[in-house]
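Welcome! Please take a look at the sequence and the 3D structure below, and then read on for a guided walk through them.

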Amino acid sequence: MKICIINGSPKASKSTSELLIEYLLTFIKGKNVVTYNVCRADLSKTQFSQIQNNDVLIFAFPLYIDSLNSQLLRFLIELERRGFSNNNITVYCLINNGFYEGRQNYIAADIMKNWCNAVGLTYGQTLGIGAGEMLTFIKDVPLGHGPNKSIGIALQKLSNNILSLNKGEDLFVSPNWPRFLWKIASSLCFWYPRAKENGLKRKRLKDKVN
Amino acid sequence: MNIIIHDLSNEQFHSLFPKINDDVYIISDSGSIRHCIGCFGCWIKTPGNCVLKDGYDDMGELISKSKKVTVISQCYYGCYSPFVKNVLDRSISWLLPFFKIRNNETHHKRRYQNNMELAVHFYGENITTEERETAEKLVKANCVNFDVKNYHISFSNSLEKLYREVTDI
């Protein structure tokens, strides 16, 4: 089984999508997997050809304004333009968003379904994960345990379907962590410290530009 | 001020809409727009402004001054066109990084207090029923995230029909 993973994160630094791909790879060990980041560099003709000739395509990307980021969107349009001579490909998606609720990825999943219809590929399943920025903070917690419990279980279901080329209902999960604590922690542990690194006091984050 | 974000060529746009109101600010594809790189610089480095200086770095500020945003976009798979999506991706500085609960979902708090209307006019020859449904959900979700109370959405399968849909610019 040939699997191609498309990392659709535009981030220059390590992204949540990259972390989720690492997680997924532990479930699909031993398979012939190639990964491309389509936001960091233009792909060669050979690389496009490799993407067009697989059994499985997995798109891992972050949610941008309720949908796909513009770079990934351009890439999908380019793939449609080039076409697929081999239509025997099943597509799976691993989407993360910055909001708590994984459910908020459902529109991006629908867009990917529509893309599959446009290019004539089989849509397999999407796993949408909420609180994406939190995942790097809990990366040392084993999957399937503690705050990573639901994510681990969902990744197992997704990879089972990938390995058997089965379709499945879309899955939407959030870390097993209370929403109100996540909301508080997002400010105290993420936004404020990052602003401080840039020499900004907390109140400056609310600056208006006029 | 009202804003129009469109992906038509300048020739197409001016041909379709030769008379534009004086208070309209037009955002079109100059070819220089850069992709959002997810750095959150517009939230935690230069709050309110994008760090990518390409002429599209003040989208949050522009939106803060608008009463109505009109989007004219080709529909791709139920999403906007890459250029229009690019502009929207670069507009998150209108919001704050902090969260609030709205409709029992987490969404970002707003940086600015202006209340805007949104009109989205999708066009394309072969927009499928599924794509249309997705686009409707997308615009509705965008309105929740940008706290837009009044919005309008249309679909046109030709530029002639688009011209008839876009009546108030």
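Two residues are in contact, or touch, if their C-beta atoms, placed from the backbone, lie within 7 Å. With that in hand, Ile58(A) touches Ile3(A), Ile5(A), Ile6(A), Tyr92(A), Leu94(A) and Ile162(A), not counting residues up to four places away in sequence.

Before going further, here is how to read the names. Residues are numbered from 1 along each chain as its sequence is written, while chains are lettered from A and ligands numbered from 1 in the order in which they are written. This is a predicted model, in which local features need pLDDT of at least 70 and side-chain atom pairs count only at pLDDT 80 or more, whereas totals for chains, interfaces and linings use all residues. Here pLDDT is the predictor's confidence in each residue, from 0 to 100. Chain B has a mean pLDDT of 95, and 100% of its residues reach 70 or more. For the complex, the predictor gives an ipTM of 0.96 and a pTM of 0.96.

**Chain A**

Helices (H or I, at least four residues) and strands (E, at least two) are DSSP runs, numbered from the N terminus. Chain A has six helices and six strands, and from the N terminus on they run β-α-β-α-β-α-β-α-β-α-β-α. Its radius of gyration is 18 Å, close to the 17 Å that the globule rule gives for 210 residues, so chain A is as compact as a globular protein of that length. That radius is taken over C-alpha atoms, and the globule rule is 2.2 Å times the number of residues to the power 0.38.

A residue is buried if 20 or more other C-beta atoms lie within 10 Å of its own, exposed if 12 or fewer, and partly exposed in between, with C-beta atoms placed from the backbone. By this count, 48% of the 210 residues of chain A are buried.

What holds the most contacts in the largest nonpolar core? A nonpolar core is a set of buried Ala, Val, Leu, Ile, Met, Phe, Trp, Tyr and Cys residues joined through C-beta atoms within 7 Å. Of the 97 residues in the largest one, Ile58(A), Phe59(A) and Ala60(A) touch the most other members. Helix α4 (residues 106–119) of chain A gives this core its largest share, seven residues.

**Chain B**

| Strands in chain B | Bridges and direction |
|---|---|
| β1 (residues 2–6) and β3 | five bridges, parallel |
| β3 and β6 (residues 117–123) | seven bridges, parallel |

Within these pairings, Ile5(B) stands opposite Val71(B) in β3(B), and Gln74(B) has Tyr123(B) in β6(B) as its bridge partner. Strand β3(B), residues 68–74, is mostly covered, with six of its seven residues buried.

Helix α4(B) has eight of its eight residues buried, so this helix is largely enclosed by the rest of the structure. Its buried residues include Pro82(B), Phe83(B) and Asp89(B). The cover over them includes α3 (70–82) of chain A together with β1, β2 (24–27), α3 and β3 of chain B.

**Where the chains meet**

How many residues of chain B are in contact with chain A? There are 38, and they are in contact with 41 residues of chain A. The largest share of the side of chain B that touches chain A, eight residues, comes from α5(B).

Conventions: Two strands pair if DSSP finds at least two bridges between them.
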